[in-house]
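Visitor: Could you show me how to read the features of this structure, one by one? I am new to it.

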Amino acid sequence: MRNIIFELCAETIDACLSAKEGGAHRIELCSGLSEGGLTPSHGMVRAAIERSGLAVHVLLRPRGGSFEYTRSEIAVMREDIKHVKQLGAAGVVLGLLRPDGSVDVEGIGELVQLAHPMKVTFHRAFDVTPSLSQALEDVITTGCDRVLTSGGQRDVVAGAACLAELVAQANHRITVAVGGGLRLKDAASLARVTGAAHFHGSLRHKLTSTRPSHEGVDQPRSFGARYGVDTDDIRSIIHQLEHA
């Protein structure tokens with residue numbers, strides 16, 4: 001049996017508690033999953049660390065959009081690294097690209113040094129680089145511990161063959177974590193095809209609104225959907241991954 005690690009991507013404290021109850025091994029904590037994930041608040045980081053009891057890895061992404069950042073934005077990321085380290089985070093999740101789309105090796109290397117002894121994951125900015133094989137070598141050079149990727153595709157199913165190649169290329173020099181559109185129904189086959197041991201997913205589902213409707217009364221505008229995570233789904237995906 002492979003030593004499988006499943007990381008729940010969580011943006012609420014309830015999701016963090018589900019991760020604990022469902023047997024997840026670690027949490028990637030973020031906000032704004034509708035934006036692809038953004039840096040979570042001070043209160044959220046503290047609560048996740050204190051209440052989940054799991055290793056919490058904090059996403060550091062100061063805004064949506066591209067992964068080429070200004071000096072001012074990188075300065076914010078540096079302060080966030082210091083901050084979450086003080087709060088007791090196990091790691092940070094980040095990514096910087098150059099204007100040509102390649103990995104900013106120097107910039108990431110400096111952040112890795114600042115984050116030490118926390119672990120550092122290079123996030124899915126990896127998937128938009130022009131050459132994934134070169135990007136993997138660059139990320140290894142930075143000193144990152146882990147790279148999160150869907151194999152350069154819209155989701156991990158489409159990227160499965162490339163993920164297998166990346167796992168082989170990494171050859172234990174860095175951990176390749178499979179993430180991006182990971183679903184329960186695909187977990188076992190992905191574990192077999194990719195040969196990976198680390199997997200990442202949100203497993204979230206839309207919650208049904210219980211707000212009553214009032215006919216003939218103007219309703220306020222929607223403020224977006226709410227999502228939840230079932231502990232049984234976490235247990236199930238871990239079981240499938242471990243027994244693939």
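Visitor: Is E73 buried or exposed?

Guide: Buried means under 20% relative accessible area, exposed means over 50%, and partly exposed lies in between, using a 1.4 Å probe and protein chains only. E73 has a relative accessible area of 18%, so E73 counts as buried. Before going on, note that this is a predicted model, where local features need pLDDT of at least 70, side-chain atom pairs count only at pLDDT 80 or more, and totals for chains, interfaces and linings use all residues. Residues are numbered from 1 along each chain as its sequence is written, and side-chain values use heavy atoms, leaving out hydrogens and water.

Visitor: Where does E73 lie, and which residues does E73 touch?

Guide: E73 lies in helix α3. Helices (H or I, at least four residues) and strands (E, at least two) are DSSP runs, numbered from the N terminus. Contact means heavy atoms within 4.5 Å; leaving aside residues up to four places away in sequence, E73 touches P62, R63 and E68.

Visitor: What polar contact joins the side chain of E73 to that of R63?

Guide: A polar contact is a pair of N or O atoms within 3.5 Å; within protein, one must be able to donate a hydrogen and the other to accept it, and residues adjacent in sequence count only if both atoms are side-chain atoms. Here the side chains of E73 and R63 are joined by one of 2.6 Å. A polar atom of the E73 side chain also lies 2.9 Å from the backbone nitrogen of T70.

Visitor: Which residues of helix α2 are buried?

Guide: In α2 (residues 42–52), they are M44, V45, A48, I49 and S52. They sit on the same side of α2, because they cover an arc of only 125° around the axis, the arc being that of the directions from the helix axis to the C-beta atoms. These buried residues pack against α1 (13–22), β2 (26–29), β3 (55–59) and α3 (71–87). After α2 comes G53, with a positive phi near 70°.

Visitor: What volume does the largest pocket have?

Guide: Rolling a probe the size of a water molecule over the atoms shows where empty space is left. On a 1 Å grid over the protein atoms alone, a pocket is an open set of points with protein on both sides within 12 Å along at least five of seven lines, found with a 1.4 Å probe; lining residues have an atom within 4 Å of a point. The largest pocket has a volume of about 640 Å³, a volume being the space filled by probe spheres set on the points, which are joined across faces, edges and corners. Of its 28 lining residues, C9, L33, R124, G180 and H200 are the closest to its centre. The elements giving two or more residues to this lining are β8 (198–201) and β9 (204–206).
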